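I opened my notebook and wrote things down as I looked them up. Here are the entries, in plain words.

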Amino acid sequence: MSGYTAVTPEDLELMLAAIGVESIEQLFDGIPAGVRLDRPIDLPPGDPEQAVYAELHRLAARNTSTEDELCFLGAGMYDHYVPAIVDMLMSRSEYLTPYTPYQPEVSQGGLQVMFEYQTAISELTGLPVSNASLYEGPSAVGAAAYLAKLANGRRRLVVSRGVHPHSRETLDTLAVGYGMAVDEIALDGAATDLDALRAALGDDVGAVIIQQPNFLGAIEEVQTLCAAAHEHGALVICSVDPLTLGVLEAPGAQGVDVCVGEGQTLGNRLDFGGPSFGFFAATEKHLRSMPGRIAGETTDADGRRGFVLTLQTREQHIRREKATSNICTSQALNALGGVVYLSWLGRRGIVELGELMLQRTHYARETLSALDGVSRLHDLPVVREFALRLDAPVDRVVERCAAAGVNAGYALGRSYDEYSDGLLVAITEQRSRADIDRFAEVLGNAVAAECALQDAGVTA
Amino acid sequence: MSTIPEGGATAQQRERATTIFEKGAPGRRAFTAPPLDVPAVDGLIPARMRRGEPPLLPEASEPEIVRHYVNLSKRNFDLDSGFYPLGSCTMKHNPRLHERVAALPGHARLHPLQVPRRAQGALELMFRLQEALAEIAGLPHVSLQPSAGSHGELAGVLLTRAYHADRGEQRTKVLTPDSAHGTNPATVTMAGYEVVKVSLDAAGGVDVEDLRAKADEHTACLMLTNPSTLGIFDPNIQEISAIVHRVGATLYYDGANLNAIMGYSRPGDMGFDIVHFNLHKTFTQPHGGGGPGAGPIAVSERIAPFLPRPQVSHRPPDNGGLPTFHLDYDRPKSIGRLRGFQGNYGVLVRTYAYIRSLGAEGLKEVSEVAVLNANYLLARLRDEVGEHLPLAFGERCMHEFVLSGAPLKKALGIRTLDLAKRLLDHGMHPPTVYFPLVVEEALLIEPTETETRETLDAFVAAIAAIVREAAEDPQIARNAPYTTPVRRLDEAGAAKRPRVRQAL
Amino acid sequence: MAEASYPEGLLYHPEHDWALVDGDIATFGITWFAQEALGEVVFFDPPEVGSSVTASEFYAEVESVKAVSDVIAPLSGEIVEVNVGLADTPEAINEEPYGGGWMVKVKLSDRSELEALLDRDAYVSGLS
């Protein structure tokens with residue numbers, strides 16, 4: 001008997017008698033001999049809680065987290081401060097342990113949270129309908145492409161090279177199943193090349209996919225890109241960084257048809273990449289094609305206000321092969337974190353946070369690009385992330401910075417051959433001016449040391 | 001409870017539901033921004049790109065936010081609080097150790113793009129978990145990337161597609177039994193295949209003759225779960241596997257029912273090529289009200305080249321100083337990525353802790369007690385209410401079973417739905433209702449191994465009481481529930497004129 | 001509509017659809033049996049005027065809270081009118097399946113197809 005089961009010898013005797021068998025073994029008689037496992041599972045024996053804790057602690061100690069170093073690494077997930085109330089609420093039994101709300105009378109807590117979350121996402125994105133969340137950012141981009149396929153039946157997708165590499169790769173994988181072709185639009189400088197986009201558009205293009213700010217941190221001309229796409233009847237799917245939406249114009253106000261994105265920065269931990277959530281909002285006409293769960297407001301038999309999962313015929317379990325997606329979970333707990341975080345930030349807080357990041361990002365870009373051997377990769381407006389060029393091998397510079405306790409950022413060469421000397425640097429409200437100054441010192445030393453090695457003809 | 005509750009409504013019920021947007025007041029705040037410590041510069045963003053009005057988020061203090069969400073939570077029934085026998089969902093206890101270890105900063109605050117040298121703890125955990133899942137599945141190669149069961153299924157069908165394409169074949173159909181979870185057909189369509197249904201035989205297993213007739217050179221895959229959603233282990237699984245492989249198709253295992261067979265049988269040994277696990281079912285990841293979960297997959301040797309990229313891999317110790325555990329992107333035949341980064345690591349941490357806590361014997365015990373509890377519950381219900389709620393197929397079951405409410409409806413005039421709603425008044429969550437579709441007025445019951453005999457007896461007593469009550473007055477169940485925060489809701493109205501956000 | 005009803009004067013398709021033929025224009029809808037099986041209808045997405053329908057093939061979908069059903073055309077032809085009122089009151093399909101719940105009007109292309117349809121008694125006897 002483990003700590004999680006409770007069958008005593010007395011229980012067992014009683015239960016076997018009620019069933020009418022002699023042993024538990026008999027209950028497995030239906031498994032044919034040919035597929036029986038005739039040996040124990042080849043895994044170590046179980047350990048008591050204290051030992052398991054110790055092992056997980058030892059594994060944790062071999063990771064360098066954002067607690068252990070000064071982190072300027074972003075590229076899709078960011079080291080923001082998660083307030084304590086998020087942890088507390090996400091660990092409440094009533095939110096942590098129930099299933100999807102199939103019995104709404106006893107699930108008003110979860111359903112109302114979904115409704116509030118949907119409201120918050122609608123507000124942020126400027127689009128009237130939001131679902132209750134999808135798995136994460138890149139798969140939300142993929143889901144949006146499927147919606148475009150259902151909406152206009154066209155077979156080609158056009159995606160900007162400024163969209164996160166993981167989103168582009170996920171799209172490539174899913175498009176095979178959708179029977180759609182994906183074409184990439186080059187960047188001009190560091191923003192989507194409008195001429196290249198216009199050249200790629202045609203009446204077989206179902207959707208144009210862009211990111212705001214793009215992967216290089218640059219703010220795109222979303223309105224202009226939307227206009228070009230709409231001229232040819234294509235939908236615009238925009239993946240957006242939600243914490244920039246206090247200062248940047250809402251995608252819905254710029255003509256975006258479907259707005260998606262990675263929700264990790266909204267009250268969720270880094271967790272080495274997941275779980276988090278993806279958000280998905282769209283114009284009214286796409287409501288019945290939306291993937292995932294949607295909560296709707298209604299009344300009960302006594303006229304009380306209440307909430308239910310609605311438009312369930314879109315979902316896999318009813319329409320089966322005609323479903324708008326196969327997704328039957330949302331990321332309800334992570335979305336709870338999201339709406340609590342947005343409530344905590346509040347109407348003014350999201351603006352203040354955005355302005356703070358904007359100013360510090362500018363300061364960081366100025367300070368770092370003034371260092372010897374460091375220059376800007378582009379000059380476009382940025383909000384919280386920017387790209388630099390280094391005159392020394394980026395991986396080696398990053399390694400030196402790490403040894404000095406600073407995570408310098410993302411080596412762009414890992415995803416973009418054309419930016420092999422590029423470094424992507426992210427700012428959050430947790431990186432103070434003093435942190436940025438320390439980073440500048442460390443980076444300056446690292447680049448200088450590597451340049452000196454190069455000059456001395458020392459090979460890697 | 002055989003009388004209609006009087007008065008009934010609690011203060012909380014009378015209180016009208018108000019959202020967070022209806023709370024707070026202009027000027028209130030919970031967040032304080034750190035002070036601006038750099039020079040303020042104008043014009044960093046062109047005016048045309050700037051937001052005009054701030055978004056209409058709430059303005060509330062921390063105590064207001066806390067009180068709102070804490071009170072709201074009390075309108076939820078949850079697994080920690082009571083019995084939750086949802087068939088097909090495996091609502092087993094969520095050990096709290098897992099929350100503690102997942103929250104360790106070394107795991108929780110680790111950036112996904114941290115270089116492998118400084119993420120060896122995480123990569124080792126993932127590698128060891130891959131090995132453990134491979135052993136449990138009986139298939140050697142594992143990807144931890146998929147985010148949920150349905151995501152793992154999509155991966156499986158895309159892997160199938162890649163496998164056939166690599167052999168120069170263009171297959172068009174995926175076979176799935178009539179009792180399959182709704183996810184399967186939707187997944188198939190999204191992967192570009194046509195769904196073909198295979199019938200069930202009288203015992204509730206796959207109709208082997210029908211399968212034989214339908215499986216041909218156009219068949220890409222058969223998607224199955226074993227035991228099935230009827231809770232029955234298909235005795236013909238070896239023949240089914242042979243038929244599928246003879247036509248060159250793949251055999252896919254939906255791991256939703258893995259809780260029934262650990263230590264007794266492995267899908268790989270049954271002949272499956274691709275298996276997905278539901279870490280939020282079998283492996284205790286808390287359901288969170290509908291996510292997060294994770295759906296890792298295990299595959300046979302011939303499918304391995306197509307696994308998603310990256311894979312967590314392992315180098316021998318003497319490799320010139322490179323990190324032992326790393327992310328392998330060099331997979332030329334891979335189907336590519338299915339999502340950002342490498343998967344729901346937080347869920348993987350919990351699963352790893354669970355497997356380390358239970359070990360080989362503990363996992364086997366899970367299945368033994370899951371099956372014992374289900375059969376005990378089945379036997380007791382048969383004794384008490386078997387005439388009105390008979391077992392739909394067979395005599396015994398594995399970890400779950402399906403009753404039909406058709407006789408109940410005919411004899412006493414209450415439906416499975418009414419039974420479920422009345423059960424809410426007894427402080428229990430109902431089983432899954434109206435699934436699988438092949439059973440009329442279905443009630444799919446899965447107690448799991450973490451429930452005590454006393455709880456199972458209490459459930460039986462509640463069902464029996466409701467049936468007795470219905471014999472006297474069916475109206476009571478038809479208008480239930482009475483004691484929950486809201487009563488039956490107008491779902492048709494919500495679908496006709498959807499209101500999916502607060503008007504602000 | 002509480003009581004099962006299958007009016008005379010209509011032609012019926014075995015997939016639970018009816019046709020009211022008037023010259024070379026026919027009105028289509030679903031029968032009492034179909035709306036009862038669906039439950040309360042919440043949404044009807046009409047096809048476009050001008051599009052064509054083919055006998056025994058689906059031309060639209062009707063949704064209730066829990067289910068979606070294909071609507072089958074009893075006869076072939078070109079759609080000349082759709083019931084736009086159903087956008088606001090889809091429940092008319094339940095309440096007046098043969099009246100206010102009508103779905104489309106079609107200009108028939110092949111009158112010989114009428115012979116394949118069932119009369120009221122034949123349809124009703126097929127239900128039991």
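**Ground rules.** I am working with a predicted model, where local features need pLDDT of at least 70, side-chain atom pairs count only at pLDDT 80 or more, and totals for chains, interfaces and linings use all residues. Residues are numbered from 1 along each chain as its sequence is written, chains are lettered from A and ligands numbered from 1 in the order in which they are written, and side-chain values use heavy atoms, with hydrogens and water left out.

**Chain B.** I looked up the secondary structure and got 16 helices and twelve strands. Helices (H or I, at least four residues) and strands (E, at least two) are DSSP runs, numbered from the N terminus. The C-alpha trace of chain B spans about 80 × 70 × 45 Å along its principal axes. Buried means under 20% relative accessible area, exposed over 50%, and partly exposed in between (1.4 Å probe, protein chains only).

**Chain C.** I found three helices and nine strands here, in the order β-β-β-α-β-β-β-β-β-α-β-α. The radius of gyration of chain C is 13 Å, close to the 14 Å from the globule rule for 128 residues, so chain C is as compact as a globular protein of that length. Buried residues make up 45% of chain C. Then I checked charges: chain C has 5 positive and 25 negative ones, with mean positions 4 Å apart. Lys and Arg count as positive and Asp and Glu as negative, while His and the chain ends are not counted. Each charge is placed at NZ of Lys, CZ of Arg, CG of Asp or CD of Glu.

**P112(B).** This proline sits in the loop between α4 (105-108) and α5 (120-137) of chain B. Leaving aside neighbours within four places in sequence, P112(B) touches residues including M77(A), L270(A) and F341(B).

Most residues other than glycine have a negative phi, and most peptide bonds are trans. So I went looking for exceptions.

- The bond joining G274(A) and P275(A) is cis, with omega about 5°.
- N226(B) to P227(B) is also a cis peptide bond, with omega near 0°.
- A75(A) is not a glycine, yet its phi is positive, near 60°; A75(A) is buried, at 1% relative accessible area.
- S88(B) is not a glycine either and has a positive phi of about 80°; S88(B) lies in the loop between α2 (62-73) and α3 (96-102) of chain B.

Terms used. The radius of gyration is taken over C-alpha atoms; the globule rule is 2.2 Å times the number of residues to the power 0.38. Contact means heavy atoms within 4.5 Å.
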